Amino acid sequence: MTGTSPLISIEHITKRFPGVVALNDVSFDIQPGELHAIVGENGAGKSTLMKILSGVIADFEGTFRLRGQPVRFRDTRDAEQAGISIIHQELNLVEDLSAAANIFLGREKRNRLGLLDDRAMEWAAGELLVRLECQIRPAQLVRELRVGDQQLIEIAKALSLETDILIMDEPTSALTESEVARLFRVIGRLRERGVTILYISHKLDEVFRLADRITVLRDGRRVRTLDRAETNPRQITHLMVGREIEAIRLGDGRQPGNVVLDVQNLSLPWTGHARAWRLRGISFTLRRREILGIAGLMGAGRTELLECLFGSSPEPPRGRVVLEGRDVHFDHPAQARAAGIALITEDRKRLGLFANMSVGANITMCTLSEAATAGIVHPRQETRIVADVIQRFDVKTTGIHAAITSLSGGNQQKTIIGRWLLTRPKVLLLDDPTRGVDVGAKAELYRLMDRLCRDGLGIIVTSSELPELLTLSDRILVLCEGRLTGEFSRAEASEQLIMEAATKRG
Amino acid sequence: MLDLSTVRQFLDIPGVGLPLTGVLLAGPLFFSAIRKRLEGGLLLAIAAVLLLTTAVDSQHTYWNRYTPSAVDILRQTALLGIFALGAAVVIIAGGIDLSSGSMIAFSGTVCATIMVLLAPDEMKNAQPIGLRVSIAAIAGALFVGLLVGSLHAWLITVIGLPPFVATLATLVGLRSLSRAIVENVTASAWAAKSNQIQIFDQQFRYLATSVWIPVVVFLALAATAWLLMSRTVVGRHLHALGGNEQAARLSGIQTDRLKWLAYCISAVLASVAGVLYIGEESVADPQRLARGYELNAIAAAVVGGCSLQGGVGTIPGAMLGALFLRVVIDGVAKMIKTGADVYEGLIVGSVVVVAVALTQLRQSGRRGARFFAGALGLVTVLNLALLFGALVWLFIDIFAPGLVAAAERQWGRLFAKVVLGLFAAAIALLALLLARFLTARRRYLAGQPTFPSEGITATKQSE
């Protein structure tokens with residue numbers, strides 16, 4: 001083989017899922033030893049492509065050549081044998097096993113009797129972790145580790161395979177700045193060893209710092225592959241989105257009213273955990289016609305804070321919550337709903353949607369008794385309520401009996417917001433509401449939140465994307481490891497300041 | 001006042017009561033069958049089994065004595081269907097109730113025990129016990145259903161036991177408790193310890209020996225359950241609970257109360273069935289009564305389209321599932337005449353596997369999958385061949401008595417059928433292996449590239 005022939009050739013790969021074409025005739029090459037970034041919006045097909053390359057998806061159309069040979073992996077083990085390993089975006093760790101046991105899961109080292117050789121595994125894991133510059137004891141249980149450290153275990157696991165092709169799917173989403181810097185040093189060393197890296201990210205600054213070439217995917221098609229030297233972030237964004245993003249200016253002239261929610265010294269214990277508190281001593285207020293943003297890294301306690309206010313926290317919180325001048329305490333979301341608080345959950349699929357129900361049933365889930373007498377539902381009345389919501393929020397659906405799963409992410413989100421607005425809340429809590437929603441729908445959701453805010457709601461919104469919070473919020477609170485480490489008004493806030501507060505220790 | 005006995009006589013005329021219940025049963029089922037594919041498929045399957053039984057049965061019982069046959073099937077379906085409805089409700093709500101067989105035995109025991117306590121002499125001397133005693137006994141039986149359902153709900157929602165464990169405990173415990181109660185009460189009432197209580201009262205027994213009472217009770221309960229599950233807020237919330245429990249809780253639905261309701265429905269329906277069963281058998285024998293019926297109930301619900309993952313299923317589906325199961329069991333009994341109850345478990349097991357496998361394959365669209373690939377596939381080929389051989393060994397008398405006679409002359413009485421079974425197994429084995437080989441060859445010729453392990457090893461070595 002000559003040095004110029006591509007290591008991986010992707011030729012006309014198409015992958016159909018029921019109702020969706022996730023990849024449509026995608027072709028490009030990857031050269032040996034390069035760091036090839038793959039960028040694209042949510043739903044562009046990045047993850048599907050990586051699953052095909054790493055053997056997770058075995059069934060697709062087209063050809064995938066490795067070192068010139070056509071291959072088709074049956075499972076990830078085939079891919080690992082062929083020298084490809086992947087670091088998944090979501091953590092795939094067994095929490096009750098040690099770091100070392102997780103790293104060698106499925107490839108356990110054994111002694112002469114065929115029994116597990118924990119000492120050899122821990123020793124080897126220790127070496128790997130030293131190479132990653134982190135201070136995790138190999139025998140430590142994974143559940144005791146911070147999220148960032150857990151992600152490093154995933155990376156160590158992939159490194160332990162000694163493969164020469166490494167796929168990284170959004171590896172920095174849970175890392176602090178110093179951890180990111182550490183990861184980049186590791187990537188540098190891997191490249192010196194000649195490892196080829198496929199790097200998936202939507203953070204363009206990382207991509208431009210690391211990549212040799214960049215491939216842009218959009219709606220399952222490859223748009224272009226470019227050398228980093230001959231392009232710029234502006235062009236890439238343009239290619240990813242396919243249109244100019246209109247600059248959205250929201251929040252001008254919003255006039256916050258009276259205090260609707262007053263949280264004093266809120267704490268949430270964490271039984272059996274080294275940190276002892278999920279949240280500690282948090283106080284803030286929320287006014288009518290105000291959007292309060294909550295920033296923080298993964299594991300900072302954003303979701304837990306909203307759960308405390310909604311009565312769905314894993315343990316009862318301590319502290320005072322005053323809603324419109326009255327002390328409230330919720331043991332169950334039903335009480336929070338009755339008091340006028342609504343929560344749009346973070347993980348829509350797992351915590352929000354009823355996947356085997358229709359659009360209509362999903363919309364009326366909280367308020368069905370309003371369309372019923374003596375518990376018996378009037379279908380016609382329900383239809384009227386649903387039709388009204390669909391029209392008000394401009395939900396794109398083929399009808400109220402359509403399956404909820406046939407809707408796009410943005411429209412599913414509007415359905416759930418509609419479900420909760422039917423309860424006539426005073427305070428609306430939104431936990432990362434634009435996750436898994438495409439750009440156009442994001443803008444629509446921003447305008448919807450602005451409209452609801454102007455109509456008199458108090459809104460608290462969390463997000464993993466800072467620009468989003470800066471666009472939406474009147475004020476931004478920053479959490480770090482369960483503590484409130486910063487508060488900024490719209491005028492003061494900047495990405496720089498928020499990141500500093502979000503990574504402040506102690 | 002309306003004379004009950006006239007109504008009774010009128011309804012017991014086969015030409016009246018039977019068509020009436022038939023129309024009541026078939027009407028809603030046909031209605032839903034037009035709308036849903038699954039139920040249409042089940043109706044076809046039921047018709048097919050009925051036709052097959054009529055044809056294969058050497059006495060053609062279904063054709064020659066259709067009224068008694070239909071009466072029997074209807075009554076058995078009604079009894080099974082009553083507690084299968086409960087299983088369906090719990091399964092749709094995302095749980096499982098393994099206790100219904102024991103709950104039937106327990107409610108029957110409680111019913112009989114109350115009769116003994118209130119009318120010990122009449123019970124002993126086979127005299128009528130009076131309407132009041134019967135009503136008190138039935139009420140008591142239904143009440144313990146509520147209590148057991150509540151116990152399940154407490155164990156599951158407060159203690160946090162998985163439903164499987166909680167109802168497994170009562171599955172074992174309630175039957176044992178029932179036996180202790182019967183021994184105790186017979187010893188103290190008549191100074192003669194017994195493990196069963198005979199029930200002679202004709203009025204009470206009429207509950208189950210008449211055709212129409214079990215069927216009408218079943219239809220009324222089914223209609224109520226159907227209304228509950230498909231037309232009410234509670235029913236919608238039960239579906240939501242089964243479909244996504246966390247999302248249901250986060251929507252402000254009181255999931256714990258719903259579970260309480262679901263387990264109570266299941267236990268009370270089992271109690272109703274228990275009362276009818278002791279009427280039918282004229283004895284409360286907790287050792288034997290409804291042993292293993294919990295699986296028949298779950299099977300009926302699952303065959304009728306309820307998903308054990310929860311959130312999916314219909315009441316008409318569960319009704320048809322119960323009917324299908326009874327028709328198959330009855331069909332086999334008609335075909336092999338005697339000792340058919342031995343095969344009930346085999347039938348229920350096979351029906352569940354085939355019905356659920358067909359649904360799964362249709363949903364996942366894996367019709368063209370390779371079922372016998374790899375080492376597990378080889379063992380499965382052997383497994384299926386041996387199973388087929390065993391079935392031939394057991395049933396060949398019915399289908400080919402001539403062949404059996406010839407074989408007996410050749411190999412003797414003891415080995416004749418075994419040898420035939422082995423032959424059948426060998427033929428099945430060869431056929432399956434051939435099919436496996438042909439599929440593999442076709443895939444190979446179609447040029448599906450497989451993992452080129454040789455190529456990769458070569459590269460590894462060159463490094």
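In this predicted model, B:Leu85 touches B:Leu221, B:Ala222 and B:Ala225, along with B:Leu269, B:Ile315 and B:Ala318, leaving aside residues up to four places away in sequence. B:Leu85 also turns up in the largest nonpolar core, a set of 183 residues, where B:Leu85 and A:Leu429 are the ones with the most contacts inside the core.

Turning to where the chains meet, 33 residues of chain A are in contact with 25 residues of chain B. On the chain A side, the elements that give two or more residues are strand 5 (69-70), helix 2 (76-81), helix 10 (333-339), helix 11 (348-352) and strand 18 (376-377). Sorted by class, that side has 19 nonpolar residues, eight polar ones and six charged ones.

As for the layout of chain A, the chain splits into domain 1 (8-241), domain 2 (258-340 + 427-506) and domain 3 (352-424). The C-alpha centres of domain 1 and domain 3 of chain A sit 39 Å apart.

Helix 17 of chain A (residues 495-502) has A:Ile498, A:Ala501 and A:Ala502 buried. These residues end up on the same side of helix 17 of chain A because they cover an arc of only 100° around the axis. What covers the buried residues of this helix includes strand 13 (290-295), helix 16 (466-472), strand 21 (475-480) and strand 22 (483-489) of chain A.

Technical notes: Residues are numbered from 1 along each chain as its sequence is written. Chains are lettered from A and ligands numbered from 1 in the order in which they are written. This is a predicted model: local features need pLDDT of at least 70, side-chain atom pairs count only at pLDDT 80 or more; totals for chains, interfaces and linings use all residues. Domain bounds come from an automatic or database domain assignment. Two residues are in contact if their C-beta atoms, placed from the backbone, lie within 7 Å. Helices (H or I, at least four residues) and strands (E, at least two) are DSSP runs, numbered from the N terminus. Ala, Val, Leu, Ile, Met, Phe, Trp, Tyr, Cys and Pro count as nonpolar, Asp, Glu, Lys and Arg as charged, and the others, Gly among them, as polar. A residue is buried if 20 or more other C-beta atoms lie within 10 Å of its own, exposed if 12 or fewer, and partly exposed in between; C-beta atoms are placed from the backbone. The arc is that of the directions from the helix axis to the C-beta atoms. A nonpolar core is a set of buried Ala, Val, Leu, Ile, Met, Phe, Trp, Tyr and Cys residues joined through C-beta atoms within 7 Å.
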